[in-house]
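Subject: Structure for you to look at

Dear colleague,

I am passing on a structure that I would like you to open and read alongside the notes below.

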Amino acid sequence: MGLGRAKPVRDATGRITRWYGSCTDINRIKVVEEQLQLMLGEMNHRVKNSMAMVHSIVSQTLRQAETLDQARMSIQSRIGIMAQAHDRLVKATWTETAITEVVEAALGPTA
């Protein structure tokens with residue numbers, strides 16, 4: 001893919017006598033832009049999933065808690081555990097972590 005630009009050179013009567021121009025290969029730029037859009041879409045999807053998980057944690061905790069103080073402590077703990085599991089996945093670049101490691105990281109503080 002290329003981006004071309006040209007500028008005419010005119011004589012005293014306005015007639016075009018010559019063209020000066022350039023052509024730039026923008027293929028790499030377009031590929032990077034497409035990859036960026038794909039990454040942003042994936043990130044948006046993951047953020048929405050995380051927010052849905054937080055919503056579920058809060059809803060479930062509030063239904064089960066006997067007091068607001070108990071609910072607060074439980075919500076903080078559960079979101080913290082979720083963050084630890086996420087950190088474990090991020091440190092392994094989402095590909096090298098065994099599910100048992102993630103589960104152990106999540107259950108470790110509560111065991």
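A residue is called buried when its relative accessible area is under 20%, exposed when over 50%, and partly exposed in between, using a 1.4 Å probe and protein chains only. At 54% relative accessibility, Met 51 therefore counts as exposed, and its place is in helix 1, where helices (H or I, at least four residues) and strands (E, at least two) are DSSP runs numbered from the N terminus.

Please keep in mind that this is a predicted model, in which local features need pLDDT of at least 70 and side-chain atom pairs count only at pLDDT 80 or more, while totals for chains, interfaces and linings use all residues. Residues are numbered from 1 along each chain as its sequence is written, and side-chain values use heavy atoms, with hydrogens and water left out.

The predictor's confidence in each residue, pLDDT, runs from 0 to 100; its mean for the protein is 86, with 88% of the residues at 70 or more. Confidence is highest in helix 1 (residues 27-64), at a mean of 93, and lowest in helix 3 (residues 99-107), at 71.

Strand 1 (residues 2-10) pairs with strand 2 in the antiparallel sense over nine bridges, where pairing requires that DSSP finds at least two bridges between two strands. The two form a hairpin with five residues between them, and Gly 14 in the turn has a positive phi of about 95°. Strand 2 (residues 16-25) lies largely in the open, because zero of its ten residues are buried.

In helix 2, by contrast, the buried residues include Ala 71, Ile 75 and Met 82.

With best wishes
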